[in-house]
Structure formats: C-alpha cells, structure tokens
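Here is a short briefing to read with the model open beside you. Take it topic by topic, and turn the view as you go.

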Amino acid sequence: MKRLIVIVGPTAIGKTAAAIEVARQLQTEIVSCDSRQFYKELDIGVARPTPEELAAARHHFIACRPVTEPYNAFDYEHDALKVLGTIFETHDTAVAVGGSGLYVDALCNGINLLPDPEPELRAELSRRIADGHLDELLAELQRLDPEYYAIVDRQNPMRIQRALETIYTSGLPYSSLIGKKLPQRPFDIVKIGLQCERAELKERIYRRVDMMMKQGLIDEVRSLLPFRSLNTLNTVGYKEVFEFLDGRCTIDQATTNIKNHTWQYAKKQLTWLRRYSEINWVDRKKIKEILQVFCK
C-alpha cells in the first residue's frame, strides 16, 4: 500500500522545513495544500518556499496558477489526486503539507460537491453584505451552524455567504457537508501535526511578519492593486497593506494588524485541526527525531 504523510499545523510553525526533511529522507516529492501558495503573483505575503527550499525537494502546486484564474477545493482534489498517482508510480511514499484545512480535507477525504444556490438567493445575500448587514448574516450563521461559525474567518464575507448559500439550499449545516467522509483513498495516510508553546508560536509569527516587511511586502502588494477585488487577495497580509496604500493607516499600524490577524488565524487553524483524532501531534523542536519513526 502506498502512503501519504501529511504535515499540518498553524502558520509559521515550520511545516515547510519539516516536509522537506521528510521528503529528503524518503527521496520523494511534496504536494502543497496551501491555497494561497498556488498563485504565481503571491510570494512574500504567503511565505512561499524559497528557491533553495524548492530545490531541496520537488514541490507541486507552488506558484502554478495566475491569481486571476478561479480555483477551488474541488478542482484541487481532482488535480492533486492525479499528481499523487504519478508520484506513486515511482515512489512508495509522498508528502503533503499545508495550512489550508479545507484543502487538506479535499486531498485526504474528498469534499462533496456543494449545491449551487438559486441566483436570487446569491444576489440577496450579496446585497445584504453590500448594505452593511454582515453582522446579521453572522448571527444567522451562528444560529444555523454554530460549528462552522466557531472557525470561520468572520472578516471574510465570501466564506460567510457561501456557507449560508449552502445551508439555505441544502437544508443541512455547512460544516456537515465539508467534513463528510468520502470513500477511503487507495493509499494509507499518516497525519503529523506540529505544535509548540503558544508564546513561541506568537513570537515566530511576529518575526515572520517583520521579515516579510523587510523583504518587500509593500511593493508586492502594490503590484497587485489591479487585482485587489479578487477574493484571493482578501487574505491576511494583503488586505492590511491595501489599507496602508489607501492611506487608512500607517505602515506601523499595518504591520501590527498583520501580526494580530495572523495570530488569530493561527488559533483558528488549531481549532480546525483539533477536530481530527488521527493527527499525531509532535513538538516542532523534536521533529527530526520523531519523523524518523514515522518514516520507517
């Protein structure tokens, strides 16, 4: 039986380095599950692996699509399984890594095709968001699907709208559809979750944000101004810099906002991941020793 080793954990914990270490030990390839690292135009703000890291092990789904081209978890599931099939032709093991829980689920479990809403429903929800009633929609989501409400990015109107569209159309909680297991994959799955003390994780996040600013995040976001309306760019690290470029905050305020929002996002990632009993949690500092056990 072929085997997929999936490395998960909150942002900035060191998943990329761990995945490369495993891939090098097993002389195999890496499949990214990070939904923002797919896009060619996004680099600094998504902590894309460096050229040296990409050279250390072959990666798939890194900077492979233009930001203007729509791509979702269903498309990814199809494409990633095809890539895995190719890897398994010459390797017994593959490595998957990423912080996008929905895309990890798509690869490991599959995601049922969510129903498309009636155009009138979508238009009505869009109108309510445009009219400033996002709080009302959040209250509806909390009432109808408290499980998804607990983990959703409440600053992301598109995610809230999509969840409500699905709930109203199917009559089922959104969380029950996105988490539903599909037929077992034709390969074994071993999930490894990286963890550390919360204070250490926060410090790592803050250092990463400072490094991103030094590396030129402002210029990267400025180059993306023509695409700022795309939902892909409604993400931490980009939307805060757009506010700075609009003159709505100082660069120091933007930096602080990125740090705070990234920390909030990391906590939501952990909430999502703690739902899965099959994850083997390990201390990020002991990853090399522990991975030797999983890689045998």
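Glu-165 is buried, with a relative accessible area of 2% (buried means under 20%, exposed over 50% and partly exposed in between, with a 1.4 Å probe and protein chains only). This is a predicted model, in which local features need pLDDT of at least 70 and side-chain atom pairs count only at pLDDT 80 or more, while totals for chains, interfaces and linings use all residues. Residues are numbered from 1 along each chain as its sequence is written, and side-chain values use heavy atoms, with hydrogens and water left out.

**Around Glu-165**

- Look for Glu-165 in helix α8, residues 157–170; helices (H or I, at least four residues) and strands (E, at least two) are DSSP runs, numbered from the N terminus.
- The side chain of Glu-165 makes a polar contact of 2.9 Å with the side chain of Arg-122. Such a contact is a pair of N or O atoms within 3.5 Å; within protein, one must be able to donate a hydrogen and the other to accept it, and residues adjacent in sequence count only if both atoms are side-chain atoms.
- Apart from neighbours within four places in sequence, Glu-165 is in contact with Pro-117, Leu-121, Arg-122 and Leu-125, where contact means heavy atoms within 4.5 Å.

- Helix α3 (residues 73–88) has 16 residues and reaches 22 Å from first C-alpha to last, close to the 22 Å expected at 1.5 Å a residue; the expected span is 1.5 Å times one less than the number of residues.
- Which residues of α3 are buried? They are Ala-73, Tyr-76, Glu-77, Ala-80, Val-83, Leu-84, Ile-87 and Phe-88.
- Down the axis of α3, these buried residues fall within an arc of 140°, so they line one face of the helix; the arc is that of the directions from the helix axis to the C-beta atoms.
- The buried residues of α3 pack against β1 (3–8), β2 (30–32), β3 (59–60), β4 (93–97) and α4 (101–108).
- His-78 and Lys-82 are exposed on the other side of α3.
- Gly-85 also lies in α3, and is partly exposed at 34% relative accessible area.
- At the start of α3, a side-chain oxygen of Asn-72 comes to within 3.0 Å of the backbone nitrogen of Phe-74.

**Ile-218 in α11**

- Ile-218 sits in helix α11, residues 217–223, and is buried, with a relative accessible area of 12%.
- Not counting residues up to four places away in sequence, Ile-218 touches Met-213, Val-241, Phe-244, Leu-245 and Ile-251.

**Cavity and pocket**

- On a 1 Å grid over the protein atoms alone, a cavity is a set of points where a 1.4 Å probe fits but cannot get out, and a pocket is an open set with protein on both sides within 12 Å along at least five of seven lines; lining residues have an atom within 4 Å of a point.
- The whole structure has one cavity of 30 Å³ or more, and the largest cavity holds about 40 Å³ of space; grid points are joined across faces, edges and corners, and a volume is the space filled by probe spheres set on the points.
- Among the residues lining the largest cavity are Val-8, Lys-191 and Trp-272, and α4 gives the most, with three residues.
- The second largest pocket has about 350 Å³ of space.
- Of the 15 residues lining the second largest pocket, Gln-155, Asn-234, Lys-239, Glu-243 and Arg-248 lie nearest its centre.
- α12 (239–245) and α13 each supply at least two lining residues to the second largest pocket, and α12 gives the most, with four.
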